[in-house]
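Reader: I would like to learn how to read a few features of a model like this one. Please take them one at a time.

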Amino acid sequence: MDYVFNAKGVILNIPIIQNSAYSSGFFNSIPDDTGVIRSVPLILRYEEQIYSSLALELLRALYQEQKVLINYDNLGVQNISFSQLSIPTDRYGRLMVNFRGDRGTFPYLSVIDILNNNFKKEELKDKIILIGTSAAGLLDLRATPYWAAYPGVEVHANVIDNIITQDFLQKPYWIEGADTLHMILLLILVFIVLISSNIYLIPFFILGFFLLDFWFLYEMLFSKGYILNIFFPLFSIAIGSTIAVLINYFFEIKQANLIKNKFSSKVSSKVMEDLLKNESKTLQSQAKEITVFFSDIRSFTTISEEMDSANSLVTYLNNYMEPMSEIIMKNEGTIDKFIGDAIMAYWNAPSEVKNHADKAVKASLEQLKYLKILNERLKENNLPLIEIGIGLNTGIAVVGEMGSKGRSDYTVIGDPINLGSRLESLCKYYDSKLNISNFTKEKLKEEYIFRFLDLVKVKGKSKPVEIWQVIDFGKANKTLQKELETYNLAIKLYKEEKFTEALKIFESLDNNENKTNKNIYKIYIQRCEYYIKTPPKKFDGVFTHNEK
């Protein structure tokens, strides 16, 4: 019983009352730290004896019980019981008073009225009468949650009423553990929810947690009668929210820095802004339609051998790479990597690019136009001129962060990338600067000058692919238009297996001094001559490239 308060002394009633009373009980009240009476001790210890409070002793006498049971363990008092009544207390044997209302909730009867016999006796039948003072000058007023000057006698009336009606507010010995568990669980729940939430939803989640916990505390108090700590759980929500917001903030900074490090040299500032606004899925692997770009400098080995030093070669190469990269990024492309003298790039990843096929073709044609300007400068400095081939292809590829745990990069993989590389390598074979597949051509919305090159099976692909040369923007001039129309007629005859007629047209085109392609006519002349000598059993117009 170490938890029960120990009284230091006793003040007895006046002898005439003390000697005439059936029993007696203490009426001490112990305010909390704020000076307000919220609980009343039902038992006190004095000289190793346990004594009942006035209210408890009065009810014991009322129910004619000879003993009161105090149930306790090492953690303190659990409850007090007698005559099938159970009174929940805190560990110190105090009852949390469930005040019925403001002062005057219970009927008052003036002493003057009693002395003057000015009252109805039947109103007092079967009632418990408490004799006490309510006048301010008699100094028996107490601060309670309802009133700062609440008569002490009415506090005891509330206690008696609580026990008789069994309507309690409870603060049992385990409530401190429940408060601690409540705070910890709330802190963890708030942190888990907010750390994975969109930053714009966090204020609504915080408000929701406050309202939900307030409802929980309200229900526990007014439906169950348990007094849980209100301040610290709400403080836990505030702490959990603050920690989650700060971690989200620093994580976003870290994620933004990670994205900047990954893409600062790959994309334009416009694309970078878009990535930082929509960074949640930026690095996640996903299947996505892209347009892939490959370019390569022709005869680079020969060029490098002509350079007098490694520094000269690097400077020479940078003068080419830098403007080409700027053109790609200006057109919302992403540079994947530099492979020696080759550039690999793609459109529509990591951010969405509207009309990405057109953007890729536009960037490629701008590079070819800029290359003419660059070659004029190289010529003036007696440096080797640069010729390049570009291949474009469009298709569904896997894009995302790939590599090992310690070394990874955002890149693209899949069949569309392999085909894009093949198309670039075939530029030299067809004497073209810019080859695209039919998959890319089908996605184009702008107007360009095209030349159909071939229907082929490239190494590693079983299905044939159309290869188209993109010559320029807009419409062809009359001379080029006439050449292309004649060429298209020859291709039509070739596909219809009219090899002799097609051969004549290809030869006339090849003999034209102003022809715009040195190889394509010779390629079809050789094929026509071969098929005339060796007619195919089943001709499908497909040519197979066995080399990369």
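Reader: Is Ile243 buried, partly exposed or exposed?

Author: This is a predicted model. Buried means under 20% relative accessible area and exposed means over 50%. Ile243 has a relative accessible area of 37%, so Ile243 is partly exposed. Ile243 lies in helix H7.

Reader: Which helix gives the most to the nonpolar patch?

Author: Helix H7 (residues 231–263) does, with seven residues. The patch on the surface includes Leu187, Phe231 and Ile243, and its residues together have about 710 Å² of accessible area.

Reader: Which strands pair with E17?

Author: In a regular strand the side chains alternate between the two faces of the sheet. Here, strand E16 (residues 448–457) runs antiparallel to E17 and is joined to it by eight bridges. Strand E15 (residues 434–437) also pairs with E17 (residues 465–473) in the antiparallel sense, over three bridges. Val456 has Val465 in E17 as its bridge partner, and Ile436 has Trp468.

Reader: How many aromatic pairs are there?

Author: The count is 26. In one of them, the ring centres of Tyr448 and Phe473 are 6.1 Å apart and the planes are at 35°, so the pair is tilted. This pair links Tyr448 in strand E16 with Phe473 in strand E17, 25 residues apart. Tyr448 is buried, at 8% relative accessibility, whereas Phe473 is partly exposed, at 31%.

Reader: How are the rings of Tyr487 and Tyr521 arranged?

Author: That pair is edge-to-face, with 5.8 Å centre to centre and 65° between the planes. Tyr487 lies in helix H15 and Tyr521 in helix H17, so the pair ties together parts 34 residues apart in sequence. Tyr487 and Tyr521 are buried. Arg451 lies over the face of Tyr487, at 5.2 Å from the ring centre.

Definitions and conventions: Residues numbered from 1 in each chain as written. Predicted model: local features only at pLDDT ≥ 70, side-chain atom pairs only at ≥ 80, totals over all residues. Heavy atoms only, no water. Pairing = 2+ DSSP bridges. Helix = DSSP H or I, 4+ residues; strand = E, 2+ residues; numbered from the N terminus. Patch = residues over 30% accessible without salt bridge, like charges linked within 9 Å, V, L, I, M, F, W, Y side chains within 5 Å. Areas by Shrake-Rupley, 256 points an atom, 1.4 Å probe, with all protein chains shown as cover. Salt bridge = Lys/Arg side-chain N within 4 Å of Asp/Glu carboxyl O. Buried < 20%, exposed > 50% of the residue type's maximum accessible area, 1.4 Å probe, protein only. Phe/Tyr/Trp six-rings, centres within 6.5 Å; stacked < 30°, edge-to-face > 60°. Lys NZ or Arg CZ within 6 Å of the ring centre and 35° of its normal.
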